Amino acid sequence: MKKVTCFSDKHYTLGRIDDKLYSSFTEHLGRSIYSGIYEPGHPCSDEDGYRKDVIELVKELNVPVIRYPGGNFVSCYDWHDGIGPKENRPKRMDYAWASIETNEFGIDEFCRWAKKAGVEPMIAVNLGTGSIKDAGDLVEYCNHPGGTYWSDLRAKNGSPEPYHIKYWCLGNEMEGSWQAGHLSVEDYTKKALEAAKIMKWVDPSIKLVACGSSYDMLPTYMEWDRVMLTDLYKQVDYISTHNYTMNAGQGLTNYLASYKQLDNHIKNSARVIEYVKGKNHFTKELKICLDEWNVWNFQDIKLNSLEDLKELTTFEMTSAKKWEIAPGILEEKYSLLDAIVVGGLGITLLNNADTVEIACLAQLINVIAPITTVRNGGIYKQTIYHPFHMLSKYGHGLTMKAVLNAPVYTCEFGELPIVEPAVVYNEEAGEVRVFVLNCSQKEEVSFELILQGYGETKVKEHYTLAGDNLEVRNTLKNPENVTMKRQDVSGYSGTVVPLPRLSWNVIVLECV
Ligand code: AHR
């Protein structure tokens with residue numbers, strides 16, 4: 001059996017975890033909205049057509065913020081199409097996903113749903129095909145109390161009270177040619193700066209997220225951020241970046257090590273923020289908004305590696321037949337292994353809590369998502385639901401510095417300790433919560449926690465995500481093939497915890 005020691009001292013913190021680390025994202029894409037969160041006539045739907053079974057799970061997941069309406073979709077979207085009497089709303093071609101957008105669901109429906117689900121909306125404006133005036137008008141429609149054209153129209157459309165939307169994204173992935181209305185960094189910077197100006201004039205209390213770069217295969221990776229931030233640093237509050245992990249023939253060891261790839265990705269964004277800040281003598285802190293992250297295996301189409309993606313337009317990345325309404329595309333069926341990897345990515349988020357303030361699991365329902373609904377049918381939790389749920393339940397407080405004494409394994413990122421932990425101290429509950437990925441594929445690991453300054457500590461709970469069949473998935477018929485398993489800790493010796501081979505674990509210790 002391999003042995004690992006993990007030291008943590010109460011005086012050494014890495015950063016305070018923002019609750020917004022467990023946010024999510026829903027896009028007008030496939031069945032994310034239609035027959036996802038909204039399905040009038042479904043036996044579980046309420047008077048507004050919102051599926052109550054979905055709302056229940058969203059509440060259980062404890063998601064604080066949800067980004068909407070895209071994604072790539074937003075760069076083709078005219079928000080005016082989605083307001084007013086439904087019978088007057090136009091059907092449009094959505095170029096991003098080659099689907100038909102009926103516009104039955106728009107900003108009012110989303111904000112009302114968000115209220116019912118107890119989540120805060122984060123709205124992306126269209127800086128691709130949209131204008132800066134459209135962006136300003138949308139802020140006015142949502143946030144201005146009344147007495148102007150757009151705010152009065154909101155009241156007329158059924159919402160006299162403003163929505164008070166705080167978080168606004170200045171476009172989506174504007175660096176990429178797949179984006180409708182894609183811009184060069186110089187053009188994006190000019191447009192985003194003018195949009196930011198207008199939007200803040202309308203409501204100075206809003207927080208703005210600028211598009212940073214997300215894809216390291218693009219020649220503009222990081223250089224985009226440097227150029228853009230030099231001019232936008234003072235106007236914005238966050239820089240957005242996206243990161244998807246894919247099980248694409250890199251082998252089990254490298255796939256498990258994806259947490260390191262995400263760590264490198266986040267640290268690159270943090271480095272460019274620091275560079276621009278230092279170079280220009282800025283004093284303000286700018287945080288990262290990782291507003292899309294997840295495992296995405298492109299199960300819709302057959303891919304051999306990430307390289308295959310380079311030549312594809314977004315709709316070639318799906319099985320869409322073209323111009324259908326809410327087609328069932330990008331409906332990943334996640335395995336136990338994917339869930340363990342998602343858990344590992346969550347550990348990286350915790351260990352970067354000093355720079356990442358908002359992170360959105362992409363997405364929430366049906367499309368690369370933890371929750372799957374059946375049209376006119378039931379609902380079930382994908383495997384990845386479980387680690388995300390544990391993170392949003394236990395990952396609050398301070399991320400502490402963890403020092404390891406551990407054997408190493410070799411992967412494409414070099415030599416890494418055989419386990420990857422994140423130690424969280426929750427002062428309120430008087431608990432230390434340790435999230436740990438065991439990358440040892442053949443052997444159990446004896447994981448000893450040496451905790452200083454927390455008083456006497458006792459293992460109270462231990463949950464594991466593990467199993468012999470890594471390919472097992474949840475289905476509507478067998479929704480509990482993969483869940484977290486609570487271990488009996490009564491026989492544990494002090495703070496030594498056995499970690500099953502290839503597992504993701506949550507250990508809760510009480511400070512007595
Ligand atoms: O989440 C799916 C897509 O991934 C989003 O629309 C886009 O922003 C990203 O490329």
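These legends describe close-up views of a predicted model. Residues are numbered from 1 along each chain as its sequence is written, and side-chain values use heavy atoms, without hydrogens or water. Local features need pLDDT of at least 70, side-chain atom pairs count only at pLDDT 80 or more, and totals for chains, interfaces and linings use all residues.

**View 1. The shell around the ligand.** The ligand is surrounded by 14 residues. The closest are Glu27, Asn72, Glu173, Tyr244 and Glu292. By type, the shell has six nonpolar, five polar and three charged residues. Here Ala, Val, Leu, Ile, Met, Phe, Trp, Tyr, Cys and Pro are nonpolar, Asp, Glu, Lys and Arg are charged, and the others, Gly among them, are polar.

View 2. A polar contact is a pair of N or O atoms within 3.5 Å. Asn72 uses a backbone N or O atom, 2.9 Å from a ligand oxygen. Tyr215 places a polar side-chain atom 3.3 Å from an oxygen atom of the ligand. For Tyr244, a side-chain N or O atom is 2.8 Å from a ligand oxygen. Alone, the ligand exposes 280 Å², and the protein buries 97% of that. Areas come from the Shrake-Rupley method with a 1.4 Å probe.

**View 3. Helix 6 against helix 8.** Helices are DSSP runs (H or I, at least four residues), numbered from the N terminus. The axes of helix 6 (residues 223-232) and helix 8 (residues 258-279) come within 9 Å and cross at roughly 40°. Helix 6 is therefore oblique to helix 8. Axes are lines fitted to C-alpha atoms over the stretch in contact, and angles run from 0 to 180 degrees between N-to-C directions.

**View 4. Cis peptide bonds in two loops.** Most peptide bonds are trans. A cis bond joins Tyr68 and Pro69, with omega about 0°. Pro69 sits in the loop between strand 4 (65-68) and strand 5 (92-94). Strands are DSSP runs (E, at least two residues).

Technical notes:
Near = heavy atom within 4 Å. Polar contact = N/O pair within 3.5 Å; in protein donor to acceptor, adjacent residues only side chain to side chain. Parallel < 35°, antiparallel > 145°, perpendicular 65-115°, else oblique.
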